[in-house]
Amino acid sequence: MSTPINWTERATTLQFDGRAVINGQRVAALDGQTFAKHSPVDNRLLGAVARGQAADVDAAVKAARAAFDDRRWAGQPPAARKKVLQRFAEKILAAGEELALLETLDMGKPVQYSLGVDVSATARCIAWYGEAVDKVYDEIAPTGDSALALITREAMGVIGAIVPWNYPMIMAAWKLGPALAAGNSVVLKPSEKSPYTAARLAELAVEAGLPPGVFNVVPGYGHEAGEALALHMDVDAIGFTGSTRVGRRMLDYAGRSNLKRVYNELGGKSAFLVFDDFKDIARAAQTVAGSMFFNQGESCNAPSRVLVHDSVADEFVKLVAAEAPKYAAGDPLSGKAELGALVDETQMRTVLGYIDAGNTEGARCVAGGRQARSETGGYYVEPTVFDGVTNDMKIAREEIFGPVMSIIRFNTEAEAVAMANASSYGLQASVWSDSLNRAHRVSRALRAGTVHVNQYDEDDITVPFGGYKQSGNGRDKSLHAFDKYTELKTTWIRLD
């Protein structure tokens, strides 16, 4: 039996390098500016991070464009790109403990999940797209004898990727995997709240054989480095994951620059529908608690609106309230905590503000509702459950991005569907019913990019992820993600 890792001890020797990676090299910001990064675990200072500006973004884009134009990556056969991406995935796994610790100290999630979920999912994603790229075929259109019509898929060029702080590595991999496999060059801007693993991934990619300039990382603030990347005239597309508010800006930046394609994966307020014909109410309660409180509730697809048939609602509320303490906030470095720290004080205050709003508007708090572990200097909130929520309350309408669940009661199937769809978001949903007819019927009626039936989040990389309405456009994951980072070209040849 292997000896458990002492993560607290390992953290004392971990090296934090906050510099950018441009053209395969670690570099400081051109003007020398940095910002201090503290850990949400206990507010310890992690280090100084390069504060990238427009000049740094321009240098990264130039390196990416040069790499694309000279075909050092795009010109390689798909099978060759596959081998590099597979080695990249292997490097990620080999550096897993380091990456997991960086992730946890950077954004606060329990370290065992940083290792077992984030690191492994990141490696699987990179390897999957590497394996897929030489199996995606082009097309020949039907023509008469006098012509040959080819429909080919080509790399787009320079991709700007802007990713959030809740799953820094996984969100980066969802963009890097298809973009790199297709032959593009990438400039990645990680969140200023979680900058460290992005640059480390870029180093590992170069070690795996990815040519310099193909994958660049510029840390910095959104209104500086992020805006510069989205406005850059030589970036062909932006893949953005983040808030709906900033997603709107991405569309504006494209209109103000070169009309680059913008693919937004944005917010969510996912509905979890429990019907009275589902007999195993305890399993539904356990599932929604685990899904809602995982990653501190800092997930765009968290099932934060739980719609329960009135006839089983009292029992369901008791079960969920009993589940909540199992996710009590703990030390993210212990290897045992189920709920870690929120990413920073601002996010903690935002979450506590929503809890206050729920109480003020008349919802009944049946579990949690307070700040936790304040003595550590970190940012923790108890897993919180509200009953008696109505669909017009603030906590039911707005994305909280914290461990706060709202339980809403309904009486009819039509009412449940109407409530679920009465949202500006449409990312995910879940239907719990023992009736196959009802499961199909309600799934078709829900305006959401993914509908889970009698489970939540058990899908994998093979299916697309994205949303309806203000949850964004385009899809991450699956072969459909290649659509975002490639151009279709028609070549019509006359045959004499």
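How does the radius of gyration of this chain agree with that of a compact globule of 496 residues? The globule would have a radius near 23 Å, and the chain has 23 Å, so the two agree. Bear in mind that this is a predicted model.

Some overall figures. The C-alpha trace spans about 75 × 65 × 50 Å along its principal axes. The chain holds 15 helices and 23 strands. Buried residues account for 58% of the 496.

Valine 49 sits in strand β4, residues 45-50. Its relative accessible area is 1%, which is under 20%, so valine 49 counts as buried. Phenylalanine 35 is 14 residues from valine 49 in sequence, and their C-alpha atoms are 5.3 Å apart.

Now a sheet. Strands of a sheet pair through backbone hydrogen bonds, parallel or antiparallel. Here we have an open sheet of three strands, ordered β5-β6-β23, with antiparallel pairing. From one strand to the next, the twist averages 25°.

Look at β5 and β6. Strand β6 covers residues 147-155, and three bridges join it to β5. Glutamate 139 stands opposite isoleucine 151 in β6. Leucine 148 also lies in β6. At 30% relative accessibility, leucine 148 is partly exposed. Together with Ile140, Ile493 and Leu495, Leu148 makes a nonpolar surface patch of about 320 Å².

On to charges. Side chains of opposite charge can pair when their charged atoms come close. How many salt bridges does the whole structure have? The search finds 43.

Glutamate 207 is partly exposed at 46%, and lysine 91 is partly exposed at 32%. Both belong to a network of salt bridges that also links Asp17, Arg19, Arg26, Glu98, Arg200 and Glu203.

Helix α15 carries arginine 441, helix α14 carries glutamate 413, and the two are 28 residues apart. Arginine 441 is partly exposed at 44%, while glutamate 413 is buried at 18%.

Which is buried, and which is exposed? Glutamate 323 is buried at 9%. Lysine 326 is exposed at 52%.

Conventions:
Residues numbered from 1 in each chain as written. Predicted model: local features only at pLDDT ≥ 70, side-chain atom pairs only at ≥ 80, totals over all residues. Heavy atoms only, no water. Pairing = 2+ DSSP bridges. Helix = DSSP H or I, 4+ residues; strand = E, 2+ residues; numbered from the N terminus. Axes fitted to C-alpha atoms, helices over the stretch in contact; angles between N-to-C directions. Patch = residues over 30% accessible without salt bridge, like charges linked within 9 Å, V, L, I, M, F, W, Y side chains within 5 Å. Areas by Shrake-Rupley, 256 points an atom, 1.4 Å probe, with all protein chains shown as cover. Salt bridge = Lys/Arg side-chain N within 4 Å of Asp/Glu carboxyl O. Buried < 20%, exposed > 50% of the residue type's maximum accessible area, 1.4 Å probe, protein only. Rg over C-alpha atoms; globule rule 2.2 N^0.38 Å.
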